[in-house]
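Here is a quick tour for anyone meeting this structure for the first time. Have a look at the sequence and the model, then read on.

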Amino acid sequence: MISFSVAIDPNKGIGYRNVLPWHIREELQVFKRNTLFKNIVMGQTTFDNLPGKLKDRYITVVSLDPDYHPENVEVYHDLIGFLEEHENDEEEYIICGGASIFRQAYPYARKAYVSFIKKEYDVDTYFDVFDLKDWEIVEEEDHEEFVYRLLKRKENV
Ligand SMILES: NC(=O)c1ccc[n+]([C@@H]2O[C@H](COP(=O)([O-])OP(=O)(O)OC[C@H]3O[C@@H](n4cnc5c(N)ncnc54)[C@H](OP(=O)(O)O)[C@@H]3O)[C@@H](O)[C@H]2O)c1
């Protein structure tokens, strides 16, 4: 199964100058809770700009560059091939961005972990295809700076 984890602002903004536009410790804790000991998948730009190491997660990085070989992670050169290979697996693969990876993976995802950031931020990167109408809300938690929702894809969307 393919899912994704994202934090998104009211304008669907997700990034600024290759990093997150905000510093919200509680949101990072939600991300950790949802991804710990799971398979996570991210684009080369997101991986290379992580502020620290993500411990205790099985990381796959996608890159089109055949010479890209960072340490301690799997590298995959064909994101669509990866999604098609794993979309019917029982095991979950959580897409963790960034924008180009979310856009390509969106049609494959059946589940989503989404933090809706309350404030508007300066952003230069968007998850423009995300539409809450495609999803049923399974769980909801209100936090000071964001609302976290666990989402399940509606049938036939
Ligand atoms: N708010 C959030 O939850 C969240 C989460 C994650 C990231 N972000 C933000 O998103 C921004 C980065 O997004 P981005 O779109 O610039 O970069 P990205 O999606 O992280 O990575 C793009 C790279 O992925 C590789 N790629 C793309 N399509 C591929 C495919 N079909 N097969 C294999 N590899 C493929 C390419 O790597 P090569 O160039 O090596 O070929 C491409 O340059 C940052 O600002 C980051 O902070 C936000």
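## Contacts along the chain

Take the contacts in the chain between residues at least 6 apart in sequence: 67% of them join residues at least 24 apart. Two residues count as in contact if their C-beta atoms, placed from the backbone, lie within 7 Å.

A word on the source: this is a predicted model, where local features need pLDDT of at least 70, side-chain atom pairs count only at pLDDT 80 or more, and totals for chains, interfaces and linings use all residues. Residue numbers start from 1 along each chain, as its sequence is written.

## Overall build

You'll find 4 helices and 10 strands in the chain. These are DSSP runs numbered from the N terminus, with helices being H or I of at least four residues and strands E of at least two. Along the sequence, the pattern goes β-β-α-β-α-β-β-α-β-α-β-β-β-β.

As for overall size, the C-alpha atoms fill a box of roughly 40 × 35 × 25 Å, taken along the principal axes.

## Around the ligand

How many residues surround the ligand? There are 29, and the closest are G15, G43, S63, G97 and G98. A residue is near a molecule if its C-beta atom, placed from the backbone, lies within 6 Å of it.

Several elements each supply at least two residues of this shell: β1 (2-8), β2 (13-15), β3 (39-43), α2 (44-48), α3 (79-86) and α4 (99-105). The one that gives the most is α4, with 4 residues.
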